[in-house]
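Me: I would like a close look at a single part of this model, with the cut-offs behind each term spelled out.

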Amino acid sequence: MAVIVCHGLKGGAGITFVAAHLAMTLSEAGAEVTVLSVAQRDTLPLHFGLQPALTLPSLFAPAEDAVLASGINLRSHTRATDDADFVPTLHDLGYLEAGPDRVMVIDVPASEFAFARRIIPHSSANLCVLNAAPDTLALLPQVLGDASAETIARTTFAINALDETRRLSRHSAAFIRELVGPRLIGRIRLDEAVPEAIAMLQPLARYAPSSAALADVRAIGAAMVPALETPGRPWVARGDLAAPSSSRAA
Amino acid sequence: MRIDARHLLDRLGKNDFAYKEFEDRFTELELWPILEALLRDPRLQAIDQVETAAPEPVVSETVETHAPEPLSALFSRYGRGPAAPTDVAAERRGAQAQDVRAMLRHLSDLGSRGEI
């Protein structure tokens, strides 16, 4: 089981959007994926085209209570951030053990940065979602100053909702690119289809299959795969990211 | 997406609009003050002093893949920048005694290639 932590510096960056689509990309590649939301107020179901009134089952709820969207198991654990035994619990549940093609994506709100720091050392990979905006950039020194060298070394970055028609956005993206170098694994263009899909209660892939943001976030999912592999054994055995299999029925 | 935009994309044989043709005359711009302030913050050097974790993710095709440049090199472009953080960083910085306009020139190059 690979654990991927999606987190960010500032609320509204689109962490949940990226976490949801990372899960979809890996699922289409053949993995058995669970997405865990630790947010008190959760928008995760909306990215799967589910009703806003839906409450996700607990991580500990029985299988018959599971919510599956495109074959992805959606779970919630709102007390995870205060749970000192969260990592041992993941271990007890088998999520930290080696297993074929199983992935847990943990969606961590930006406000829970201490929780993110705590679980990143136990993860296979982690992705920090940024906006190319000056207020986000202004937080970088504080975050990097607080993070351990190990955490920084293990962190990859993605720029979300990038408006390349705006000069300041392009300059801010260039600054991030210069700063983090190859740790920047992709950028997702600003795309009105993303909120429109939520408003239509449809997954983005169904509402706007040619969405620029969808293509970008899929590329980021594909870029995460090497971090999940172990030497001598490809992580994804059943699928091919270049030609994803059809999603499993919701 | 509006139907007229959809029809236009169909005629062009594209799935989406790309804004790669937008160009900036970076050489005529000054660095945004917030970027300059950030470059002076020694805490940003932390990201320059750690090695990338292995295995390294593959960079997606949509992202520029130029060779990474130490952040310390950016600091070096300021004549009155902070003291060199480490001897190692100084070595990596090499002989690049540049000023902030060198960064702007680099950004301009990226802009002219449509990469930012």
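In strand 8 of chain A, which residue is the bridge partner of A:Phe157?

Reply: The bridge partner of A:Phe157 in strand 8 of chain A is A:Leu184. This is a predicted model, in which local features need pLDDT of at least 70 and side-chain atom pairs count only at pLDDT 80 or more, whereas totals for chains, interfaces and linings use all residues. Residues are numbered from 1 along each chain as its sequence is written, and chains are lettered from A and ligands numbered from 1 in the order in which they are written.

Strand 7 (residues 155-162) of chain A and strand 8 of chain A pair in the parallel sense over four bridges, where pairing requires that DSSP finds at least two bridges between two strands. Helices (H or I, at least four residues) and strands (E, at least two) are DSSP runs, numbered from the N terminus.

Strand 8 (residues 184-189) of chain A is mostly covered, with six of its six residues buried. A residue counts as buried if 20 or more other C-beta atoms lie within 10 Å of its own, as exposed if 12 or fewer do, and as partly exposed in between, with C-beta atoms placed from the backbone.

Turning to the nonpolar core, a set of buried Ala, Val, Leu, Ile, Met, Phe, Trp, Tyr and Cys residues joined through C-beta atoms within 7 Å, the largest one has 93 residues, and those with the most contacts inside it are A:Ile4, A:Cys6 and A:Val105. The largest share of this core, 12 residues, comes from helix 9 (residues 212-228) of chain A. Helix 9 of chain A is itself mostly covered, since 15 of its 17 residues are buried. At 1.5 Å a residue its 17 residues should span 24 Å, and its end C-alpha atoms are 25 Å apart, which agrees; the expected span is 1.5 Å times one less than the number of residues.

As for A:Cys6, its contacts (C-beta atoms, placed from the backbone, within 7 Å), leaving aside neighbours within four places in sequence, include A:Ile15, A:Leu22, A:Val105 and A:Val129.

Elsewhere in chain A, A:Phe86 lies in helix 2 (residues 86-92), and A:Phe86 is buried because 20 other C-beta atoms lie within 10 Å.

How values were computed. Two residues are in contact if their C-beta atoms, placed from the backbone, lie within 7 Å.
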